[in-house]
Amino acid sequence: MKKVIYLDNAATTKTDPKVVEAMLPYFTEHYGNPSSVYEFSTPCKEAMAHSREIIAKALGADESEIYFTNGGTESDNWALTATAEAYASKGKHIITTKIEHHAILHTGEYLESRGFEVTYLPVDEYGMVSPEELEKAIRPDTILISVMFANNEIGTIEPIKEIGEIAKKHGILFHTDAVQAFCHVPINVDEYHIDMLSASGHKLNGPKGVGFLYIRKGLKLRSFIHGGAQERKRRAGTENVPGIVGLGKAVELALAKMDECAKKETELRDHLISRIMAEVPYARLNGHPTKRLSNNTNFAFQFIEGESLLIMLDMNGICGSSGSACTSGSLDPSHVLLAIGLPHEIAHGSLRLTLSEETTLEDIDFTVDCVKQIVERLRSMSPLYEDFVRSREKKDSKA
Amino acid sequence: MYSEKVMDHFQHPRNVGEIEDASGVGTVGNAKCGDIMRMYLDIDDESHIIRDCKFKTFGCGAAVATSSMATEMVKGKTIEEALLVTNKAVMEALDGLPPIKVHCSLLAEEAIHAALWDYAEKHGIKIEGLKKPKSDISEHDADEEY
């Protein structure tokens with residue numbers, strides 16, 4: 001197999017071998033159902049409690065406020081729909097943003113079809129939500145504010161603390177989708193006035209198919225999955241014990257090296273950004289230059305299309321992603337890139353490269369060299385570039 | 001996701017480039033949707049044989065591959081024969097396309113037609129069976145549905 005340079009860590013991450021090791025006994029040895037009364041299931045119960053404790057501690061929360069789910073999407077769906085239902089008598093207005101993950105946006109659309117009103121706040125050119133605008137959008141019937149902690153495409157970190165303060169001041173519940181941010185940046189639910197928080201295991205070197213929703217004590221949320229009495233009667237279904245164990249281990253490992261990792265990734269990220277911006281003409285950086293996740297880069301290259309770029313990078317063993325229409329499965333490019341004001345044709349030429357702690361300087365330099373060559377090659381085939389060069393020549397000859 | 005033939009034509013596209021003083025040039029698609037194809041034809045005025053065909057494409061892997069295959073299929077053919085190169089024929093020659101990419105092959109067919117239309121207009125002739133091309137970037141035909 002050729003060498004793979006995996007730069008799509010915002011899509012998913014490698015499960016840490018130490019996480020896998022921690023999980024393994026819970027498949028074949030301690031496979032009991034945690035709901036059972038016999039002693040054989042005790043290690044499962046204990047392991048789950050241990051994971052819950054690690055996660056609660058990571059957020060400055062209480063163990064009883066952590067509810068395991070099957071991942072970020074379920075947590076987002078649960079937080080929004082259950083809050084809407086529980087507080088509908090108080091009001092039917094929800095505030096979120098235009099750059100949320102589809103797990104939020106499509107749930108918002110669903111709620112709109114059920115009689116709720118949703119305000120989708122715009123963002124600035126960096127993808128930043130304005131706390132002032134958010135405060136202006138609050139109405140007497142607003143029951144929930146949901147703003148993502150950090151954006152999955154462009155990496156922009158939102159002013160969550162300020163938003164939390166506004167929500168608290170107005171007595172409105174505040175949910176944040178922290179799928180990209182949890183264990184990558186420090187989060188304290190009390191300090192940030194967060195009432196609900198979604199996270200997922202596989203974005204932090206944990207296993208896929210497991211995540212959690214933090215629900216502040218006292219919130220009257222109904223369960224989203226109906227059935228047994230698991231998770232204190234709020235999330236039915238036999239617990240994914242190995243997954244929960246893996247999630248706990250991943251959080252433990254990630255927290256221990258968060259600062260060190262962020263420092264290393266930031267250095268490499270900034271090296272990647274400065275080389276691309278210096279060496280590839282007609283490129284732009286999407287997202288905030290500094291208030292962004294330490295592992296995220298997102299570029300737009302004029303006159304070329306993202307899917308072609310991805311396939312050619314893949315031929316060189318490089319895994320990245322794009323917000324072009326072809327990769328989104330529709331005719332429209334990424335809603336996030338459109339929300340930060342990119343015209344369609346430029347949004348089609350976007351490339352997201354997201355690093356991990358395993359990424360090396362050599363990986364980055366090789367990737368930049370490939371990107372340079374590929375962008376040049378695709379431009380030589382592009383009628384848009386041809387038109388651009390011609391109009392530039394015309395201008396030059398006039399001058 | 002793509003057939004071997006699509007990948008081959010994407011990696012090694014045939015007939016990329018421009019033709020100076022081309023007999024006909026056609027540009028279809030629009031940047032908003034993410035695909036633009038431009039075809040250049042060099043046509044013998046006597047025999048109506050397409051002596052050369054080149055293309056430039058802004059678009060995904062399928063858009064590049066269908067452009068490349070279409071140029072190969074019309075090269076050396078008469079105008080009348082070239083009109084028989086349909087999107088279906090291009091797709092079959094590429095061993096198929098994913099359903100979401102079928103519109104790329106339609107674009108290739110339209111690009112050929114647009115270049116032929118340009119040739120006919122320049123020479124004041126009428127090509128039997130050729131209709132005015134549907135989409136052109138200059139018309140901002142953004143709502144075109146395929």
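**Figure 1. Helices and strands of chain A.** In this predicted model, chain A holds 16 helices and 12 strands. Both are DSSP runs numbered from the N terminus: helices are H or I with at least four residues, and strands are E with at least two. Local features need pLDDT of at least 70, side-chain atom pairs count only at pLDDT 80 or more, and totals for chains, interfaces and linings use all residues. Residues are numbered from 1 along each chain as its sequence is written, chains are lettered from A and ligands numbered from 1 in the order in which they are written, and side-chain values use heavy atoms, with hydrogens and water left out.

**Figure 2. The overall form of chain A.** Along the principal axes, the C-alpha atoms of chain A fill a box of roughly 85 × 55 × 35 Å. Of its 399 residues, 57% count as buried, meaning under 20% relative accessible area, while exposed is over 50% and partly exposed lies in between (1.4 Å probe, protein chains only). Take the contacts between residues at least 6 apart in sequence: 72% of them join residues at least 24 apart. A contact here means heavy atoms within 4.5 Å.

Figure 3. You will find A:Val19 in helix α1 (residues 17-23) of chain A. Is this residue A:Val19 buried or exposed? A:Val19 is buried, with a relative accessible area of 0%. Beyond its neighbours within four places in sequence, its contacts include A:Asn205, A:Gly206, A:Pro207 and A:Leu253. A:Lys98 is 79 residues from A:Val19 in sequence and 35 Å from it in space, C-alpha to C-alpha.

**Figure 4. A close look at A:Lys92.** Here we visit the loop between α4 (72-86) and β3 (93-97) of chain A, where A:Lys92 sits. A:Lys92 is partly exposed, with a relative accessible area of 36%. Not counting residues up to four places away in sequence, A:Lys92 touches A:Arg114, A:Gly115, A:Phe116, A:Glu117 and A:Asp141. From A:Lys92 to A:Val118 there are 26 residues in sequence and 8.4 Å in space, C-alpha to C-alpha.

**Figure 5. Where chain B meets chain A.** The contact takes 25 residues from chain B and 26 residues from chain A. About 2200 Å² is buried between the two chains, and carbon and sulfur atoms give 64% of that area. Buried area is the accessible area (1.4 Å probe) that two parts lose on being put together, summed over both. In chain B, the residues that lose the most area to chain A are B:Phe10, B:Lys32 and B:Phe58, together 27% of what that side buries.
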